[in-house]
Amino acid sequence: MRVLHSHLRVALFVAVCLSVLAIPAPAVAVPALPAPAGWPLRGTPVVQRGFAPPTLAWASGHRGVDLVARPGEAILAAASGTVAFAGSIAGKPVVSIDHGSVRTTYEPVISTLSVGDRVGFGQVIGVLGSGGHCRGCLHWGLREGRSYLDPLMLLGTRGGQLRLVAESRREVVQREAQARARAAASAAQSNAIIMTPAGRSGSHGFLHPIAGAVTSAFGMRLHPVLKIWKLHDGTDFAAACGTAIRAPYAGVVTRAGFNPAYGNRLFLSHGSVDGVQVKTAFNHAARYLVRPGQRVSRGQVIGEVGSTGLSTGCHLHLMVWLNGRLSNPMSWL
Ligand SMILES: [Zn+2]
Ligand SMILES: [Zn+2]
């Protein structure tokens with residue numbers, strides 16, 4: 001700060017001298033900040049540690065802000081730009097985005113983006129990894145050339161009011177992205193693998209939990225958010241947000257909770273069915289209407305379809321375990 005102050009003092013002195021000489025004063029360099037811009041996390045994150053730049057280049061300080069975040073939580077581009085770096089620095093996964101005049105940095109963030117990839121404001125750039133200098137948090141930085149700036153400047157300089165504006169803009173972008181994903185999901189519905197009307201029973205008497213089409217089957221696939229090939233460990237049913245999720249079979253709620261990847265989850269144990277121990281799990285729901293320990297009957301409404309966790313639009317991700325082994329739900333239902 002002292003360095004900055006002395007620079008400002010020199011700049012002011014020069015400006016005063018120049019104006020005395022009736023020569024136009026040089027403009028003070030203020031970085032052009034990208035707009036729209038906003039938080040790199042969904043919602044309004046808690047700042048765990050603020051910006052405290054070192055007074056000397058080599059001295060210690062805090063060259064960014066630490067935001068409270070959960071491992072696996074989606075990290076968003078604070079503004080649109082181009083990926084300038086995505087990789088490991090001293091064993092720590094780092095992403096840097098070039099916005100023209102400034103760059104934002106995100107660590108520890110696991111991303112499959114490559115240098116040169118274009119990213120939009122609010123777009124998911126990866127998930128929070130481990131190995132950062134703070135536990136359970138995202139270190140978010142802003143640089144102009146070699147100098148570090150306070151990334152909270154991106155949220156606006158007039159405090160709360162502008163922050164709210166930045167926040168609402170980001171929400172608009174996210175809503176638009178979700179609407180696009182929903183449109184894509186309903187387009188996929190027309191060429192769905194299987195049409196599955198609710199109430200149709202399978203060979204073991206299990207119902208389909210919602211009257212939606214299967215949009216993504218169990219098996220290896222390119223993850224829609226992480227953009228990496230991984231096992232899709234369940235079956236996706238397309239459905240509008242708020243659609244009722246029904247218990248496919250009588251059982252007991254064994255567990256319910258939030259997971260950064262699966263969103264709101266609920267687990268049902270159906271006991272032994274045709275000699276097989278069957279468990280099911282429901283993911284990404286907006287909410288559940290039943291609690292752990294509660295008995296549910298076949299066809300009972302247990303929750304509402306949502307898009308919580310790593311999800312690009314409202315859908316149900318159904319998982320099935322047969323004798324404790326994760327299985328293709330459609331092999332049982
Ligand atoms: Zn930090
Ligand atoms: Zn899924």
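**Notebook: a zinc site, its strands and a disulfide**

Entry on His 317. I looked up its accessibility and found 5% relative accessibility, so His 317 counts as buried. The cut-off I needed here is that buried means under 20% relative accessible area. I note that the model is predicted.

Entry on the zinc ion. Which residues coordinate the zinc ion (ligand 2)? I found His 232 through NE2, Asp 236 through OD and His 317 through ND1. The distances run from 1.9 to 2.2 Å. I then wrote down the spacing of these donor residues in sequence, which is H-x3-D-x80-H. His 232 sits in strand β14 (residues 229-232), and His 317 sits in strand β23 (residues 315-322). The two histidines are 85 residues apart, and the pair links distant parts of the chain. I also checked His 232 for burial: its relative accessibility is 3%, so His 232 counts as buried.

Entry on strand β15. This strand covers residues 235-238, and the zinc donor Asp 236 belongs to this stretch. Which way do the side chains point from β15? I saw Thr 235 and Phe 237 pointing one way, with Asp 236 and Ala 238 pointing the other way. All four of these residues are buried.

Entry on the partners of β15. I looked up how β15 pairs. Strands of a sheet pair through backbone hydrogen bonds, either parallel or antiparallel. β15 and strand β12 (residues 214-216) pair in the antiparallel sense over 2 bridges. β15 also runs antiparallel to β23, and 4 bridges join these strands.

Entry on the disulfide. How many disulfides are there? I counted 1 disulfide. A disulfide is a covalent bond between the sulfur atoms of two cysteines. Here the bond joins Cys 241 to Cys 314, with an S to S distance of 2.0 Å. The link of Cys 241 and Cys 314 is right-handed, with 100° about the S-S bond. I placed Cys 241 in the loop between β15 and β16 (244-246). Cys 314 lies in the loop between β22 (301-304) and β23. They are 73 residues apart, and the pair links distant parts of the chain. Are the two cysteines buried or exposed? Cys 241 is partly exposed, with a relative accessible area of 42%. Cys 314 has 7% relative accessibility, so Cys 314 counts as buried.

Entry on another sheet. I found an open sheet of 3 strands in the order β3-β9-β7, with antiparallel pairing. The edge strands are β3 (74-76) and β7 (109-110), each pairing on one side only. I looked up the join between β7 and strand β9 (residues 124-128): 2 bridges hold it, and the strands run antiparallel. The bridge partner of Ile 110 is Val 127 in β9.

Entry on Gly 116. I located Gly 116 in the loop between β7 and β8 (118-119). Gly 116 is partly exposed, with a relative accessible area of 42%. Which residues does Gly 116 contact, leaving aside its neighbours within four places in sequence? I found Thr 82 and Val 83. I also took the C-alpha separation of Gly 116 and Ala 86, which is 9.8 Å. These two residues are 30 residues apart along the chain.

Notes. Residues numbered from 1 in each chain as written. Chains lettered and ligands numbered in written order. Predicted model: local features only at pLDDT ≥ 70, side-chain atom pairs only at ≥ 80, totals over all residues. Heavy atoms only, no water. Donors = N, O, S within 2.8 Å, 3.2 Å for Na, K, Ca; no water. Buried < 20%, exposed > 50% of the residue type's maximum accessible area, 1.4 Å probe, protein only. Pairing = 2+ DSSP bridges. Disulfide = S-S within 2.5 Å. Contact = heavy atoms within 4.5 Å.
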